[in-house]
Amino acid sequence: MEQHFIALDFGSGQISATLSVYDTATGTFRVRHALRETCPSVNGCYILDFDKSVQAVGRIFSQLQEYADFSPIICVGLRGDFLSFSRSGAGKFFDAGRIVLTQKDVQEVVNMSVSENASETLEVIHLFPQTFNIDGCNQVQNPVGLEASSLDIGTFITYALRTHLNNLNRVLSAAGCEDFEATPTIIALSSALLKQEEKKAGVLLVDVGANNSAAALYHKGILHAAWEFSFGAEIVVQEVADVLQNDLSEAKQILKDYTYGEDEIMDDLLDEAGAKFLQTLRKQLLQEPLYANHFPATAVFTGGGAGLHLKNTAQRVLGVRRSRIATFEHLIADGDEMLAPAYTSALAVSIYTQQHGGKKLKSVKDKANGLLGRMLAKLGMN
């Protein structure tokens with residue numbers, strides 16, 4: 001049996017999309033198609049122009065029609081500083097004394113970790129348990145089936161501002177997508193790219209976009225914090241433009257055509273530009289007590305703005321002992337270009353959705369409307 005996933009990653013002025021197939025018999029993913037659609041009307045998941053965003057998403061669905069011999073799961077990676085993250089927790093003593101815990105008992109305590117006083121402007125978009133404590137034992141990995149008189153669970157919560165989440169929903173709805181599963185991109189990337197030994201030793205994952213970035217901090221195997229930032233690789237582009245006395249468009253083209261390692265002088269310039277980005281990142285992180293108290297041993301970079309210029313300067317600027325660039329080189333793809341860094345986020349969201357599911361969001365529009373709806377209707381799937 002096969003499961004088909006269309007993943008959308010809303011970046012800085014463009015939307016990346018992947019179409020992948022998961023084979024349940026072999027447990028493998030295969031990337032069948034990948035594309036990028038220029039869309040200045042989006043910045044992360046902020047919708048800047050409704051009609052133009054709908055048209056861009058519609059063009060993506062239209063280009064995927066030739067692959068549409070399936071009923072796909074649509075999954076969307078959420079990014080942007082309308083997201084906020086926090087650790088929480090809850091506990092419960094069971095009135096009946098010791099009981100054998102069920103999944104329902106665990107989920108009840110997990111849900112209790114969401115504050116009843118949370119703002120009405122926020123929606124919980126992602127919630128997962130990280131630690132379990134049964135009657136004082138804090139090393140429990142899975143409490144289901146165990147006997148307990150008390151259960152304490154530590155959780156990690158992602159909130160989204162309803163306004164921007166609803167605007168994204170409306171765009172997808174108008175493009176013909178009746179429902180989709182949403183996951184914070186930085187959560188999906190952390191799950192897919194980080195090694196367990198890195199999480200235990202302490203690691204900072206940095207997803208570098210053009211105009212925005214995100215980071216996640218692990219310490220002793222626990223996700224302690226995540227952040228969204230409104231700056232990205234444009235810092236590198238601006239530094240290169242300033243030094244070469246070019247305008248931004250010329251600098252972008254130079255960087256697009258250049259391969260790190262071709263010229264020592266250019267490499268040095270890129271390293272210094274990368275250091276400027278990392279200095280900006282470090283300044284932001286040092287304002288966060290959780291970062292200062294849980295300094296990471298490793299920095300891992302991903303995203304379209306990641307490169308050797310960041311890896312090579314991370315130890316000097318961030319003070320980490322190790323650094324690396326993370327991609328999906330192990331995945332099977334119908335073309336090497338489909339595994340390019342620009343598609344890493346979309347692929348991570350596909351994998352995470354298959355393994356864990358995402359927040360299910362449903363529109364109120366009739367799904368026969370729009371390109372995807374008509375495509376599925378033609379196939380008799382709606």
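This is a predicted model: local features need pLDDT of at least 70, side-chain atom pairs count only at pLDDT 80 or more; totals for chains, interfaces and linings use all residues.

Me: Is Val208 buried or exposed?

Reply: A residue counts as buried when its relative accessible area is under 20%. For Val208 the relative accessible area is 1%, so Val208 is buried.

Me: What separates the C-alpha atoms of Val208 and Thr302?

Reply: Along the chain the two are 94 residues apart, yet the separation of their C-alpha atoms is 6.2 Å.

Me: In which sense do strand 13 and strand 16 pair?

Reply: Strands of a sheet pair through backbone hydrogen bonds, and the pairing is either parallel or antiparallel. Val208 lies in strand 13. Opposite Phe301 in strand 16 stands Val206. Strand 13 (residues 203-208) and strand 16 (residues 298-302) are joined over 5 bridges, and the sense is parallel.

Me: Which strands stand at the edges of the sheet?

Reply: The sheet is open, with mixed pairing, and its 5 strands have the order 15-14-13-16-17. An edge strand here has a single partner strand, so one side of it is left without a neighbour in the sheet; these are strand 15 (222-229) and strand 17 (322-325).

Me: What angle does the direction of helix 8 make with that of strand 15?

Reply: Helix 8 (residues 264-285) packs on the sheet and touches strand 13, strand 14 (213-219), strand 15 and strand 16. Its direction and that of strand 15 make an angle of about 120°.

Conventions. Residues are numbered from 1 along each chain as its sequence is written. Side-chain values use heavy atoms; hydrogens and water are left out. Two strands pair if DSSP finds at least two bridges between them. Helices (H or I, at least four residues) and strands (E, at least two) are DSSP runs, numbered from the N terminus. Contact means heavy atoms within 4.5 Å. Axes are lines fitted to C-alpha atoms, for helices over the stretch in contact, and angles run from 0 to 180 degrees between N-to-C directions. Buried means under 20% relative accessible area, exposed over 50%, partly exposed in between (1.4 Å probe, protein chains only).
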